[in-house]
Amino acid sequence: MRLLARVGSLRAVVAVTVGFIALNMLLVVLGNVTDYGTNEAFVRHVLSMDTTFGKELKWRAISSPAIVTVVYVAIILWEAISAVLLTAGTIAYIRDREDSARKLASAGLLMIVALFLGGFITVGGEWFAMWQSKDWNGIAAALRMVTIAGFALILVHLSPRRASS
């Protein structure tokens with residue numbers, strides 16, 4: 001019974017949730033590095049706005065290969081740092097270091113929200129009109145990540161007292 005109580009505790013729930021998000025981000029980074037060309041093409045098409053239909057917005061387009069590379073590498077580094085923070089947070093939860101676990105997990109999750117809500121949905125979706133593209137539209141995937149990270153942030157910041165009542 002004692003083991004079941006620990007497995008069902010808020011700390012265990014948060015550790016598992018944060019751990020799987022860390023694994024997801026590690027796999028995202030691995031995919032972006034090992035399938036660089038495909039994912040770089042996504043960034044290139046979004047920034048160049050070559051598949052959007054709003055002609056009045058085309059002045060926003062960026063077609064410089066150097067800038068595309070810098071943006072894509074920055075995205076990969078951002079994802080990698082968030083994965084490291086989430087992994088460290090998971091380990092801290094397992095080791096029962098609640099305060100540092102909460103800070104590490106929060107930082108990693110906030111980075112995910114910033115990237116996918118700020119970068120993909122806001123900048124990519126609205127500034128570069130990604131929502132107009134049938135082929136290069138990542139808004140649904142970004143929203144999925146924002147939802148998952150937001151849910152996890154709520155779990156991370158629940159106090160154990162509040163969660164058990």
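1. Arginine 44 and glutamate 40 are four residues apart in helix H3, and are therefore separated by about one helical turn; helices here (H or I, at least four residues) and strands (E, at least two) are DSSP runs, numbered from the N terminus. The two form a salt bridge whose closest N and O atoms are 3.3 Å apart, the term meaning a side-chain nitrogen of Lys or Arg within 4 Å of a carboxyl oxygen of Asp or Glu. Arginine 44 counts as partly exposed at 35% relative accessibility, whereas glutamate 40, at 14%, counts as buried; buried means under 20% relative accessible area, exposed over 50%, and partly exposed in between (1.4 Å probe, protein chains only).

2. This is a predicted model, in which local features need pLDDT of at least 70 and side-chain atom pairs count only at pLDDT 80 or more, while totals for chains, interfaces and linings use all residues. Residues are numbered from 1 along each chain as its sequence is written, and side-chain values use heavy atoms, with hydrogens and water left out.

3. A search of the whole structure finds four salt bridges. One of them joins aspartate 96 to arginine 11, with the closest N and O atoms 2.9 Å apart; aspartate 96 lies in the loop between H4 and H5 and arginine 11 in helix H2, so the pair ties together parts that are 85 residues apart in sequence. Aspartate 96 is partly exposed, with a relative accessible area of 49%, and arginine 11 is partly exposed with 23%. Aspartate 99 and lysine 103 also meet in a salt bridge (3.3 Å, N to O), and these two residues are four apart in helix H5.

4. Glutamate 79, in helix H4, deserves a comment of its own. This residue is buried yet has no salt bridge, the nearest side chain of opposite charge being that of arginine 144, 12 Å away (Lys and Arg count as positive and Asp and Glu as negative; His and the chain ends are not counted). Leaving aside residues up to four places away in sequence, glutamate 79 touches Met25, Val28, Val29, Asn32, Leu115 and Phe116, where contact means heavy atoms within 4.5 Å.

5. Most residues other than glycine have a negative phi. Methionine 49, in the loop between helix H3 (36–48) and H4, has a positive phi near 55 degrees and counts as buried at 1% relative accessibility. Alanine 129, in the loop between H5 and H6, has a positive phi near 50 degrees and counts as buried at 0%.

6. Helix H6 (residues 139–157) has 19 residues and reaches 27 Å from its first C-alpha to its last, close to the 27 Å expected at 1.5 Å a residue (the expected span is 1.5 Å times one less than the number of residues). Its buried residues, among them Ala142, Met145 and Val146, pack against H2, helix H4 (65–94) and helix H5 (98–127).

7. For the chain overall, there are seven helices and zero strands, and the C-alpha atoms fill a box of roughly 65 × 30 × 20 Å, taken along the principal axes. Buried residues make up 38% of the 165 residues, and among contacts between residues at least 6 apart in sequence, 74% join residues at least 24 apart.
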